[in-house]
Amino acid sequence: MTGPRQRSLSGTHSLRTAAALIGLGIFMVPPLSAQAATRAPEPTAAEQTLLDQYPVFGEIIEVTKENTDSGIHEFLAANVGKTVYLDTAILIYPPPPPKMTDEIKANLASDRFENTVMQKCWIDPGDWFGFTDAGPQGFPLPSDAQDIESGCATRLRLIFAYGDSSPGLEIRHGSNQNELIFTGFFGVAKSELDGGQTLYTLTQKPMDEETIATFARFQPTPERPERQLWLDEEGP
């Protein structure tokens, strides 16, 4: 893939979070690039204490393939009952049409029906209420190939303050996949589903201005390449 589609997401991310802060700043932290002019060289002792209070996860999260190197399973298990700071991105397949006929299936520009996670681990959420909502049983959170083959032992549910219109959330759309890109503070809860899977629920949380300002100043946004959301290399 060549041209402007290869650009870093940091610029887009800056605009997204800055716009969110105008209306609902209690939820989100703008990335470092948006705060470069006012960033202090080092946090004070009080600021460092605040930074240390909230565990940070800045890797991407996979729900359509293996999570082999990110450490997301270990991070969630270690922080149940806590509030954490996330700066992450998740590739998902769009909600399917209400009636998936053979004709619609044949004409979809998507590899969702060939995806092993979708075949082995997907649970139909029923009625969809937006791209972020995968129902009460959430998205699959695969660990490795063996876990996928056995149906995925772990799942992830995202609860945003205002669904797809939540502050700090950007949704990039493609014919094959969509990408959820978001930054902010989330409470971590753990439960067990009837099928025996572990469900982690991440619930977006409002934060005080001091915490927001400190993370804006000292927590950088990871540089990530723009990912392909179409089956062909060039896109639309």
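Cys121 and Cys152 are both buried, where buried means under 20% relative accessible area, exposed over 50% and partly exposed in between, with a 1.4 Å probe and protein chains only. Before I continue, please note that this is a predicted model, in which local features need pLDDT of at least 70, side-chain atom pairs count only at pLDDT 80 or more, and totals for chains, interfaces and linings use all residues. Residues are numbered from 1 along each chain as its sequence is written, and side-chain values use heavy atoms, with hydrogens and water left out.

These two cysteines form a disulfide, S to S 2.1 Å, the term denoting a pair of cysteine sulfur atoms within 2.5 Å. The count is 1 disulfide. Its S-S torsion is about 70°, so the disulfide of Cys121 and Cys152 is right-handed. The partners stand 31 residues apart, Cys121 in the loop between helix 5 (116-120) and strand 4 (139-140), Cys152 in the loop between helix 6 (145-149) and strand 5 (154-159). Helices (H or I, at least four residues) and strands (E, at least two) are DSSP runs, numbered from the N terminus.

I turn now to the salt bridges. The structure holds 8, each a side-chain nitrogen of Lys or Arg within 4 Å of a carboxyl oxygen of Asp or Glu. Glu179 pairs with Arg172 at 2.5 Å, N to O, and with Arg227 at 3.0 Å. Arg227 lies in the segment after helix 7 (209-218) and Glu179 in strand 7 (residues 178-192), so this pair ties together parts 48 residues apart in sequence. Shared partners join Glu62, Lys65, Arg172, Glu179, Glu226 and Arg227 into one network. Glu179 is buried at 1% relative accessibility, whereas Lys65 is partly exposed at 47%.
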